[in-house]
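Please keep the sequence and the structure in view while reading.

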Amino acid sequence: MFRLNVPDMTCGHCVGAVTKAVKSVDPGAKVAIDLESKTASIESQVGADRFIAAITEAGYGATAKNSCCCHGA
């Protein structure tokens, strides 16, 4: 599982569009979107770079979120 920052998400429509972009890469992926923190948690065997490209193509910026607790925010 990995998490992506998707800072351009602002509403439910955005959540749907990002989810659709993720599912276009891997229809079996488990995706959980947290609009408040503007993150997408994705469980898939596909690499994060492919999801980042699909989300970016859908009109939303996305970057890998460091999930390690030892780095300060």
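In what order do the 4 strands of the open sheet lie, and is their pairing parallel or antiparallel? The order is β2-β3-β1-β4, and the pairing is antiparallel. The strands at the edges are β2, residues 30-34, and β4, residues 63-65; each has a single partner strand, so one side of each is left without a neighbour in the sheet. From one strand to the next, the twist averages 30°. As background, strands of a sheet pair through backbone hydrogen bonds, either parallel or antiparallel.

This is a predicted model, and its confidence should be kept in mind from the start. The chain has an average pLDDT of 90, with 90% of the residues scoring at least 70. Residues 68-73 have a pLDDT below 50, and this stretch makes 1 contact in the model beyond near neighbours in sequence.

On one side, β3 pairs with β2 in the antiparallel sense, over 5 bridges. Within this pairing, Ile33 has Ala40 of β3 as its bridge partner, and Lys30 stands opposite Glu43 in β3. The hairpin of β2 and β3 has 4 residues between the strands, and Lys38 in this hairpin takes a positive phi near 55°. β3, residues 39-43, is also joined to β1, residues 2-5, by 4 bridges, and these two strands run antiparallel. Here Asn5 has Thr39 of β3 as its bridge partner.

Is β3 enclosed or left open by the rest of the structure? Of its 5 residues, 4 are buried, so β3 is largely enclosed by the rest of the structure. Ser41 belongs to this strand. Its relative accessibility is 16%, and the limit for buried is under 20%, so Ser41 counts as buried. Leaving aside neighbours within four places in sequence, the contacts of Ser41 are Met1, Phe2, Arg3, Lys30, Val31 and Ala32.

Helix α1, residues 12-25, lies across β2 and β3 and runs at about 155° to β2. Helix α2, residues 48-57, packs on the sheet and touches β1, β3 and β4; the direction of α2 makes about 30° with that of β1.

How many aromatic pairs does a search of the whole structure find? The search finds 1. The pair consists of Phe2 and Phe51, whose ring centres are 5.7 Å apart and whose planes are at 45°, so the pair is tilted. It links distant parts of the chain, since Phe2 is in strand β1 and Phe51 is in helix α2, 49 residues apart. Phe2 is buried, at a relative accessible area of 18%, and Phe51 is buried too, at 0% relative accessibility.

In soluble globular proteins, nonpolar side chains tend to be buried together. The largest nonpolar core in this model has 19 residues, of which Leu4, Val6, Ile42, Phe51, Ile55 and Tyr60 touch the most other members. Two or more residues come from each of β1, α1, β3 and α2. Helix α1 gives the largest share of this core, 6 residues.

With neighbours within four places in sequence left aside, Val6 is in contact with Val18, Lys38, Ala40, Ile55, Tyr60, Gly61 and Ala62.

Is Gly61 buried, partly exposed or exposed? The relative accessible area of Gly61 is 27%; buried means under 20% and exposed over 50%, so Gly61 is partly exposed. Apart from neighbours within four places in sequence, Gly61 is in contact with Asn5, Val6, Pro7, Asp8, Ile55 and Thr56. Between Gly61 and Gly16 there are 45 residues of separation in sequence and 15 Å in space, C-alpha to C-alpha.

Note on methods. Residues are numbered from 1 along each chain as its sequence is written. This is a predicted model: local features need pLDDT of at least 70, side-chain atom pairs count only at pLDDT 80 or more; totals for chains, interfaces and linings use all residues. Side-chain values use heavy atoms; hydrogens and water are left out. Two strands pair if DSSP finds at least two bridges between them. Axes are lines fitted to C-alpha atoms, for helices over the stretch in contact, and angles run from 0 to 180 degrees between N-to-C directions. Contact means heavy atoms within 4.5 Å. Rings of Phe, Tyr and Trp (its six-membered ring) pair if their centres lie within 6.5 Å; planes under 30 degrees apart count as stacked, over 60 as edge-to-face and the rest as tilted. Buried means under 20% relative accessible area, exposed over 50%, partly exposed in between (1.4 Å probe, protein chains only). pLDDT is the predictor's confidence in each residue, from 0 to 100. A nonpolar core is a set of buried Ala, Val, Leu, Ile, Met, Phe, Trp, Tyr and Cys residues joined through side-chain atoms within 4.5 Å.
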